[in-house]
Amino acid sequence: MKHKVLAAAAFAAVGIQVVPALAQSSVTIYGLIDTGIVVESGGAAGHVTKLTSGISGGSRIGFKGTEDLGGGMSALFLLETGFQNDTGALGQGGLLFGRQSYVGLGGGFGTVTAGRQYTPQYLVLSAVDPFGTGYAGDAANLMPNTGNGASRMDNTIKYASPNFGGVTGELAYGFGETAGSTTAASQLGAAIGYANGPLNVRLGFHGRNNDTVTTQTGSGRSTLLGATYNFGPAKLHAAYGVNKGLNSSPLRNTVNPYGTTPIVASTDSADILVGVTVPFGVQHTVLASYIRKNDKTALNQDADQFALGYRYALSKRTDLYAMYAHIKNKNGAPYTVGSSIEAGSGNSAWNMGIRHTF
């Protein structure tokens, strides 16, 4: 106590006010580093073999924290930057905190956050995909990865509800920030879910206004219903999605990977996903999924994806993996096998790598 009094007196002598630290706060540093060999084939460029970063999930380092404000309320923040550990470059086009960047308040009412955040529809997709929207089997190879930053929305306010007997919900609005219009380029996302024991069901929606001040092009709307059920020996995955309008199902690879006809993204499609996760002991996990893209436009560019994978856990934080996926495109469909952060260059790909979290 004597030392505290002397310190306070010293600060006061130079005009610094000492405020008692009443609130508890914490900051956590975390991250993921993923590097592996990728072999792609089936595209116009032929075989591509490369060492790449972020195959299972983008390599990242993040900072998250909370401060207890009293009365059951807390302030919270998250800053997460993506990087390519094979080259050292920043991810997400060079953005400093391109993965996520938000601040907000939490309490008994839920949480309200503002900044760059994941869309509710994408969180449904990543939860239901056996490959977690990563590796060669990434569901986003065929299914919509909503948002203006792939799976994320800029300039977003999001509300996440507390848990009401297993029921949770999210509502997000992304400001278009277009001069002369309050709706142009804006985005709206929502999700509701129910979790009880082995069952997890979620319904997600994303709407994207494509208008500009001078052009009225309507909106793209994606709705996804997904569920998982854990039987113990295996977890079953299933999802059904409906996509309507421009940018409702944007293509990941837009550079005409097969060198045939000009490519066009579907504006009317339905998606079906079925999959399974099978753990063996504490070290082995087998993953598998099948996805069908049913293009309902006049082009009828359907596609089917088959994916199979294996993970071997060296520890709780480090694992090795081997993954494979193949897409069967129909009527000139342009879909490619990518991974968490890459669009891919052909209709088949192998991944072999190592992932470490901290």
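**View 1. Lining of the largest pocket.** The lining of the largest pocket divides into 16 nonpolar, 15 polar and 10 charged residues (Ala, Val, Leu, Ile, Met, Phe, Trp, Tyr, Cys and Pro count as nonpolar, Asp, Glu, Lys and Arg as charged, and the others, Gly among them, as polar). The model is predicted, with local features needing pLDDT of at least 70 and side-chain atom pairs pLDDT 80 or more, whereas totals for chains, interfaces and linings use all residues. Residues are numbered from 1 along each chain as its sequence is written, and side-chain values use heavy atoms, with hydrogens and water left out. Of the 41 lining residues, Asn145, Ala150, Ser151, Arg252 and Ser340 lie nearest the centre of the pocket (a pocket is an open set of points on a 1 Å grid over the protein atoms alone, where a 1.4 Å probe fits, with protein on both sides within 12 Å along at least five of seven lines; lining residues have an atom within 4 Å of a point).

**View 2. The aromatic pair of Tyr324 and Trp350.** These rings form a tilted pair, 4.7 Å centre to centre with 40 degrees between the planes (rings of Phe, Tyr and Trp, the last by its six-membered ring, pair if their centres lie within 6.5 Å; planes under 30 degrees apart count as stacked, over 60 as edge-to-face and the rest as tilted). Tyr324 is partly exposed at 28% relative accessible area, and Trp350 is partly exposed at 45% (buried means under 20%, exposed over 50%, partly exposed in between, with a 1.4 Å probe and protein chains only).

**View 3. Lys64 and the ring of Tyr30.** Lys64 lies over the face of Tyr30, at 5.2 Å from the ring centre (NZ of Lys or CZ of Arg must be within 6 Å of the ring centre and within 35 degrees of the ring normal).
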